[in-house]
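Please look over the sequence and the model below.

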Amino acid sequence: ALLGELCQRGFALFEERLRDVPAGDAAARLTAMGHAYLAFAREEPGHYGAMFSWRPPVREGAPIMGDSFGGLVAAVAAVLPPEAGKEARFLALEIWALSHGIAGLERAGMPPPGSGAPPPERV
């Protein structure tokens, strides 16, 4: 129950961070969402860990993760031409997976400092 509560609160905070990214140019907004993702992983390590290391039970009425993925899909759709709109969910999942991987690598101290790898925000 405790992990479920941490997970739910984490996704609520995460969704709030993504939603609070300033409006503007669609591509800049999408980039800012990536930076917000990394910042959340750094600043809320307990919530972030609970959100992605524990599989929550499905709660009746609403998914425990809120609609953070829906916000990403909308941001991706905004940069695509109308005829490519069907690809927004697929591309959003790829972006989320990449962002999650970058955040996870950074949390694990990889690549090590001085390796010449670009900073996570650049990736």
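Of the 123 residues of the chain, 27% count as buried, where buried means under 20% relative accessible area, exposed means over 50%, and partly exposed lies in between, with a 1.4 Å probe and protein chains only. This is a predicted model, in which local features need pLDDT of at least 70 and side-chain atom pairs count only at pLDDT 80 or more, while totals for chains, interfaces and linings use all residues. Residues are numbered from 1 along each chain as its sequence is written, and side-chain values use heavy atoms, with hydrogens and water left out.

The accessible surface of the chain comes to about 7600 Å², by the Shrake-Rupley method with a 1.4 Å probe. Carbon and sulfur atoms account for 62% of that surface.

The chain has five helices and zero strands, and its pattern along the sequence is α-α-α-α-α. Helices (H or I, at least four residues) and strands (E, at least two) are DSSP runs, numbered from the N terminus. Among contacts between residues at least 6 apart in sequence, 65% join residues at least 24 apart; contact means heavy atoms within 4.5 Å.

Two packed helices are described by the angle between their axes and the distance between the axes. The axes of helix α1 (residues 2-19) and helix α3 (residues 45-53) come within 8 Å and cross at roughly 110 degrees. Axes are lines fitted to C-alpha atoms, for helices over the stretch in contact, and angles run from 0 to 180 degrees between N-to-C directions. Helices α1 and α3 are therefore roughly perpendicular to each other, a term for angles of 65 to 115 degrees. On the α1 side, the contact is made by Leu6, Cys7, Arg9, Gly10, Phe11, Leu13 and Phe14, and on the α3 side by His47, Ala50, Met51 and Phe52. These residues divide into eight nonpolar, two polar and one charged. Here Ala, Val, Leu, Ile, Met, Phe, Trp, Tyr, Cys and Pro count as nonpolar, Asp, Glu, Lys and Arg as charged, and the others, Gly among them, as polar.

Leu13 lies in helix α1. Is Leu13 buried or partly exposed? Leu13 has a relative accessible area of 32%, so it is partly exposed. Leaving aside residues up to four places away in sequence, Leu13 touches Phe40 and His47. Leu13 and His47 are 34 residues apart along the chain, and their C-alpha atoms are separated by 8.8 Å.

Further along, Pro111 is found in the segment after α5 (88-107). A cis peptide bond joins Met110 and Pro111, with omega about -15 degrees.

Conventions. Parallel < 35°, antiparallel > 145°, perpendicular 65-115°, else oblique.
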